[in-house]
Amino acid sequence: MGRHRQPEIRDRILDACVDHALAHGLPDRLEPLASASGTSTRMLIYHFGTRDALLRETLGRARRRQRDFFGELVSPRSDEPYPRTLRQAWQVMTGPAGRPYLSMFGRLREKDEQQLWPDFRREATTDWLQPLEDGMRSVGRPELGTLVLAVVRGLIMDIEATGDVSRADQAFDHFLAALASVIAEPGRVDAAESAAVTPVTPVTPVTREATDASV
């Protein structure tokens, strides 16, 4: 009789592979994942079938972790204005705690990595639209969720390309100042007009390491 697969062992191995990939990136070979999970390449193949199948499952579980983590960050809170929630979420997402996810999924835009998740770019957008619409709904402007998502994704791509985190931080604060004025006076101007006329509160510079990033 053949050996029966044990789901709890497979699950533990997959979690270890996710931890390793978040810390070091997706490897080209199975050996680093075998070492990280305390098993052998033969057992990885036994549980997951192929290298690419394991990498796809690793990406899928890492993405679920990211959605849970980032989703909680952008959830509205009754005790603070939503722009402040977004500011704190931005700091965590682009800081040390969020950086491994941004680095991992940023690489999925590269040609060699896209084959592991061909539809990732679309899903990476739709994943975050609903949580941000829900957040903006808390201040009566759910239709601005798309705008918030576009700004977040655009600035993260800017950081990835230039490494200039301080400039991206300042730009995001400028955006939040404009957003706050639109929320306060929804009938006066739209977000683009508000950005042109709203005074911006000086931002305390934030010193952080640059990140290779993508939501």
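Reader: Let me start with one residue. Leaving aside neighbours within four places in sequence, which residues is R63 in contact with?

Author: Happy to begin there. Once those neighbours within four places are set aside, R63 is in contact with F105, W117, F120, E123, A124, D127, W128 and V215. Do keep in mind that this is a predicted model. R63 itself is located in helix α4.

Reader: Is R63 buried or exposed?

Author: The cut-off to remember is that a residue is buried when its relative accessible area is under 20%. The relative accessible area of R63 is 0%, so R63 is buried.

Reader: What does the side chain of R63 make a polar contact with?

Author: Its partner is the side chain of D127, at 3.0 Å. There is a ring to look at too: the charged end of R63 sits over the ring of F105, 4.9 Å from the ring centre.

Reader: How many salt bridges does the structure hold?

Author: There are 14 salt bridges. One of them joins D173 and R87, whose closest N and O atoms are 2.3 Å apart. This pair, too, links distant parts of the chain: D173 is in helix α10 and R87 is in helix α5, 86 residues apart. D173 counts as buried at 12% relative accessibility, and R87 is buried with a relative accessible area of 17%.

Reader: What about D164: which residue does D164 form a salt bridge with?

Author: That partner is R167, the closest N and O atoms being 3.2 Å apart. D164 counts as partly exposed at 31% relative accessibility, and R167 is partly exposed as well, with a relative accessible area of 39%. Salt bridges can also share partners, and here they join D11, D15, D19, R61 and R65 into one network.

Reader: Let's turn to aromatic rings. How many aromatic pairs are there?

Author: Two rings pair if their centres lie within 6.5 Å. The count here comes to six aromatic pairs. Take F70 and W128, a tilted pair with 5.8 Å from centre to centre and 35° between the planes. F70 is in helix α4 and W128 is in helix α8, 58 residues apart, so the pair links distant parts of the chain. F70 and W128 are buried.

Reader: Which residues do ring pairs link into a cluster?

Author: The cluster is made up of F69, F70, Y101 and W128.

Reader: Now a whole helix. What span should the 18 residues of helix α9 have?

Author: The expected span is 1.5 Å times one less than the number of residues. For helix α9, residues 145-162, this gives 26 Å, and the end C-alpha atoms are 26 Å apart, which agrees. Just after α9, G163 takes a positive phi of about 75°.

Reader: Which elements do the buried residues of α9 pack against?

Author: They pack against α5, α6, α8 and α10. The buried residues of α9 include V148, L149, V152, L155, I156 and I159, and R153 is among them.

Reader: Finally, how many helices and strands does the protein chain have?

Author: It has eleven helices and zero strands. Buried residues make up 45% of the 215 residues in the chain. Of the contacts with a separation of 6 or more, 68% come from residues 24 or more positions apart.

Notes:
Residues numbered from 1 in each chain as written. Predicted model: local features only at pLDDT ≥ 70, side-chain atom pairs only at ≥ 80, totals over all residues. Heavy atoms only, no water. Phe/Tyr/Trp six-rings, centres within 6.5 Å; stacked < 30°, edge-to-face > 60°. Helix = DSSP H or I, 4+ residues; strand = E, 2+ residues; numbered from the N terminus. Buried < 20%, exposed > 50% of the residue type's maximum accessible area, 1.4 Å probe, protein only. Lys NZ or Arg CZ within 6 Å of the ring centre and 35° of its normal. Contact = heavy atoms within 4.5 Å. Polar contact = N/O pair within 3.5 Å; in protein donor to acceptor, adjacent residues only side chain to side chain. Salt bridge = Lys/Arg side-chain N within 4 Å of Asp/Glu carboxyl O.
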